[in-house]
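Biologist: I am new to this model and would like to go through it with you, asking at each step what stands behind the words you use. Shall we start with the overall form of one chain?

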Amino acid sequence: MRPFLDYLHSNVTPGEYGSYLWAVIYILIIFAVASVAVMLMTWLERKILAHMQVRLGPMRVGPHGLLQPIADALKLLTKEDILPDEADKMVFWFAPVWVMMIAFLNYVVLPFGRTHAVTDMNIGILFVLGVSSLSVLGVIMAGWSSNSHYPLMGALRSSAQMVSYEVAMGLAIVSAVLMTSLNSTGTGTLSMIGIVEAQKAAGRWYIFSMFPLGLIAFLIFAIAMIAETNRAPFDLPEAESELVAGFHTEYSGFRWSLFFLAEYAAMIGISSVAVTLWLGGYLRPFPNLLSGHSWDLAFSLFPGLVFTGMALMCLIGAARMPKIPQMKVQTIGLWLFGAVIALIAAVLFLPGVRERVQDIFWFAAKVAVFMYLYIWYRGTFPRYRFDQLMNLGWKVLLPISLAVLILTALVGIRQDLSTVLMGVLR
Amino acid sequence: MSNSNFYDDAPVEAPGKTFLDSTEMVLNMGPQHPSTHGVLRVILKLDGEKVLGTECVIGYLHRGVEKIAENRTYAQFNPYVDRMDYVAAVSNGLGYCGAVEKLISAEVPKRAEYLRVILTELNRLASHQVWLGTHALDIGAITPLFYTFREREEILKIFEKYCGARLTTHAFRIGGCQYDAYEGFDREVLAFCDAQDPRLDEYEELLTTNRIWLERTKGVGILSAEDAIALGVTGPVLRGSGVRWDLRKAQPYCSYKDFDFEIPIGLSGDTFDRYVVRIQEMRQSLRIIRQAVAGLPEGPIMAKVPKVLKPPVGEIYHSIEAPKGELGYFIVSDGSTQPYRVRVRPPSFVNLQALDIMVRGRLVADVVAVIGTLDIVLGEVDR
Amino acid sequence: MSVAPLLRKIFLVDLIKGLSVTFRSQHPNELITEQYPLERPWIAERYRGQPRMAVNPDTGESLCNGCGACALACPEKLITVTSDRDPVTKKKYMTSYTYDVSRCMFCGLCQESCPTDCIELSQDYEMALYSREGMTLDRVRLEKGPEPTEYAR
Amino acid sequence: MPDETKDSQSPAPGQESPKAASGAGSSPAESTPAAPAAPVPAAPPVAAKPAPAPAAAPKPPARPAAPTPQPWECELTAQLKQTYGSGIREAVTYVGQPYLVVDKSIAHDILRFMRDDEKFDYLVDLTCVHYPAREEQFEVVWILYSFSQNIRIRVKTCIKDGEDVQSVCSLWTTANWLEREAYDMFGVKFAGHPDLRRILLPEDWSGFPLRKDHGILQQDTEWVHKNLGIESAQ
């Protein structure tokens, strides 16, 4: 029991600490939180998209449709599980499981805080790249095993798309990794925590370093990651107006919900990678500009303040609910919801908690921005056509990312280069 | 409705070859496909994603409107025409009433004609808004649909106030209009026009300059002017191909002579041109509405038409510029109270025929873009 | 390609313009959704909805004189009127009246043809039923007029 | 009238027809049909004084001034009559709309002539009318329009039941579906059509619904009887 609790006083991840038990606990927590985040994400997506489209979105299940994801989940779980007669049963059964597994496998190395990660692999980012490219396998399995035209075409599109955008994405990642080696010690790292710590040491996020190289690399990654997760405007594999539902046309009920869960989990996962690589991961904003004890304190109050704000929004919303008998239950529900959030806010203000939670909060906030962007793009842009998508991937993103990589390398070794050049000239 | 010939073209399976060696795939799109605008079924012959040929299977919504007409009196058939192109019901009514009026040589009062113009042009706006929303939705932009339907709602409210129905309006009667403009009609219509201009700009901001939209529409579904004329397409599809022909100008009916407006045309006949033509047409419609409201004369709204219509023996063809193209009615009268034959010349039906030539050799994604740009309504295709 | 369009393309001006449109639309004032059973939709005065028959408010007698003009005018032939002649006053009066709403397309030709303004299409629009029975309205139902539906949760 | 012609503009690029100006302006007989609402000069507008008509509903309305078909005389008809003689059975205008009734044997030639020489490059519509009482039961109607002259005319021919008409698919591509629809609805066969099948109705439909002898309830009753095993309630 002792070593079990001892971990809490250590300052490393469970992986480094070597405690399998804690690793399992972390995994369970991450799985639970990610699932809840996905549910919340579906609600947010529907709400935000609705508001962009001058609609209200879900309003009936719970106050402002807050319980809609639960209702959806219940519906999906109780739906008939249809297995097409002509399908390749084994593969058809396995595809959603595979996609789901891969989507969550990424979370193993994601650092939500200095110590909040399952493990800190020294090849972390390589692991992410490797694992995320496996998800295409599940999509192909789903499309092929359905034995139907639309899924097959969706799968074909998906495989081509994911493979080609992985190249640009990988090159963009390499340029970020390259930046880690450009510190005083000259030792680069592939570890996710290492990369964040390198940004801390460098005193700036990589999106701003070597301006505009970091920014361009980040933008390339940001585009490629939308394509990787099959989201608008690159949602060709499931292009609704063309392929009905793409690779998961034949899926229904629980199996379909696994795909759905995996898609959102992958979105959150890949956004976390972008945050880690370019946006300083779990670091708080302006570590240099606004340093000092009082600023530290001010920033540590942020999580609590945000939750207080959310609680206030709930309470105001509850107060402004129409005063009619039909809305009574909903109003009470919103009051309660606000109260729960207020309670969380109160907990977050506690001195012991607020230091430990800060990392996670900043990380989550940065990921949330990406989530909003995902929804925003979906609400705004038309969809690319298949050949245009390939053009963009191979003819635009790939050359630019190559150029960025080379330039980053050149800028990184400019001192050595000039020495060498000088030597040659002499 | 069958497609026997279509499958006959499939390559004969050579001995020792499996289906894996075949490069062609037959994809059945519709009738329950998200982007076939109703119950259109298109069978695509594909090589990978490339379209080798199409076959439209239509008739799922066939209600035999022409047969119904032979069993109704002239006035009774009027509500049925609303059900053909149900997003432009008012235009259908205008065409039918105009045809019967010509048959009985009735002179429609000026005020009624102006009211008809206002409502028909509002309907053109509504129809184009439905087109824009669904077309953008097909290409993947899901938001314009809601913006366009928001504005369409305003038009439908005006319709509801004017004639008591939103979609199947039955707004006009043979010889004029049943309803006079309600109190505040002109004010509301003008307010709508003023609100519409910035909204149109908003749509254009979302789409016209958007690089994805441009890539998806430019050079897609090109229809040359020669092909367009040979295929008999009309309306924005014809004008998008560069033929400046609009029945409102070429053979003005219903006081369109009085109004000053332009006919926008496209240059290359691609999807983007048709998009621009329709957007410009919406602006021209606003212009016409403003002029018509400003010049709305006083007076009767109904010509003196006998209650029981018995047109003289004869036949008539009357066509109007509906939002989708030339909507014609060919009516044969045998002197009785019921038409002997009513033939509807549906613009959507004829325009749909151009689908094959427009998508051959292009990608699957272009098929939905082209179906969207043709702006078909299956109620009218199948009648 | 001149410089300005190129720059616009590089800095994604077109995309940002589109994004700003959707972003602006999120303002709560732009919402247009009507929460239907809670909020009653606006209905025009001339709305053509469920049919009803007017009665003389003073005497409670039907305004219908049994002429059958509505039945003649109806394109769907869904109105049946039977009438009789009063032996004393020699006036025609209506004996029964049925209206099949399930086939009605609300064109309004019946109310236009009615010489006494008896049959009219009212503003009631909640006519959905779980079965076809009850869709054929008789005189009593028509004179009682629409019964507004109460929705409760 | 010339204004309208000008407004309509020239259609296809490079198709500046010299007929555009002269066709509408020169002969009054030819320009009349272009006016959609203008009544034929000989027939005064009927709606001018139908005074007693609306009063009594059942009584047939007075139709003293009903428009009557007028002979259509212009260069075109003269030329056609000269070439085809009695093949041109009628050339008349009715309410300002000219039409030709021609023999079935020369219909295709006339249509080709119309398209090639007279620039009627747009086939507006193709349809049929069924007159069961006549010996030549079906009247096939082609409605043609010329962009350059801004004139719409109808060409009609009469055929017996079971006879073929020459398809015009080779002249106007648009005829393809229109002929299929005419076949679907009337059973009129178009010889030389590349793919003459039903278009709106299912392949296994029996009969041709727009023929006058096709009862509207007959198909319904049969279907209900066959598939549901009950008598149709209609």
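Modeller: Chain A has 426 residues, and a compact globule of that length would have a radius of gyration near 22 Å.

Biologist: What makes the radius of gyration of chain A agree with that of a compact globule?

Modeller: The radius is taken over C-alpha atoms, and the globule rule is 2.2 Å times the number of residues to the power 0.38. Chain A has 23 Å against the 22 Å of that rule, and therefore the two agree. Along the principal axes, the C-alpha atoms of chain A fill a box of roughly 85 × 55 × 50 Å. Please keep in mind that this is a predicted model, in which local features need pLDDT of at least 70 and side-chain atom pairs count only at pLDDT 80 or more, while totals for chains, interfaces and linings use all residues. Residues are numbered from 1 along each chain as its sequence is written, and chains are lettered from A, with ligands numbered from 1, in the order in which they are written.

Biologist: Why is Ile263(B) called buried?

Modeller: A residue is buried if 20 or more other C-beta atoms, placed from the backbone, lie within 10 Å of its own, exposed if 12 or fewer do, and partly exposed in between. Ile263(B) has 20 such atoms within 10 Å, and therefore it counts as buried. Its place is in the loop between α11 (247-250) and α12 (271-294) of chain B. Leaving aside residues up to four places away in sequence, Ile263(B) touches Arg239(B), Arg244(B), Asp246(B) and Lys249(B), where a contact is a pair of residues whose C-beta atoms, placed from the backbone, lie within 7 Å. Over whole chains, buried residues make up 62% of the 383 residues of chain B, 46% of the 426 residues of chain A and 42% of the 234 residues of chain D.

Biologist: How do you know that α16(A) has close to its expected length?

Modeller: The expected span of a helix is 1.5 Å times one less than its number of residues. With 27 residues, α16(A) is expected to span 39 Å, and its first and last C-alpha atoms are 37 Å apart, which is close. The 30 residues of α15(A) likewise reach 42 Å, close to the expected 44 Å.

Biologist: What makes you say that α16(A) bends, and where does that happen?

Modeller: The bend at a residue is the angle between axes fitted to the seven residues ending there and the seven starting there. For α16(A) that angle is about 35 degrees at Leu397(A), and a proline, Pro399(A), follows within four residues. In α15(A) the bend is about 45 degrees, at Val357(A). The buried residues of α16(A), among them Leu397(A), Ser401(A) and Val404(A), pack against α7 (149-180) and α9 (213-228) of chain A together with α15 (364-374) of chain B.

Biologist: How do you know which parts of chain A meet chain B?

Modeller: The contact takes 22 residues from chain A and 25 residues from chain B. On the side of chain A, the elements that give two or more residues are α10 (240-243), α15 (351-380) and α16 (386-412). That side has ten nonpolar, six polar and six charged residues, where Ala, Val, Leu, Ile, Met, Phe, Trp, Tyr, Cys and Pro count as nonpolar, Asp, Glu, Lys and Arg as charged, and the others, Gly among them, as polar.

How values were computed
Two residues are in contact if their C-beta atoms, placed from the backbone, lie within 7 Å.
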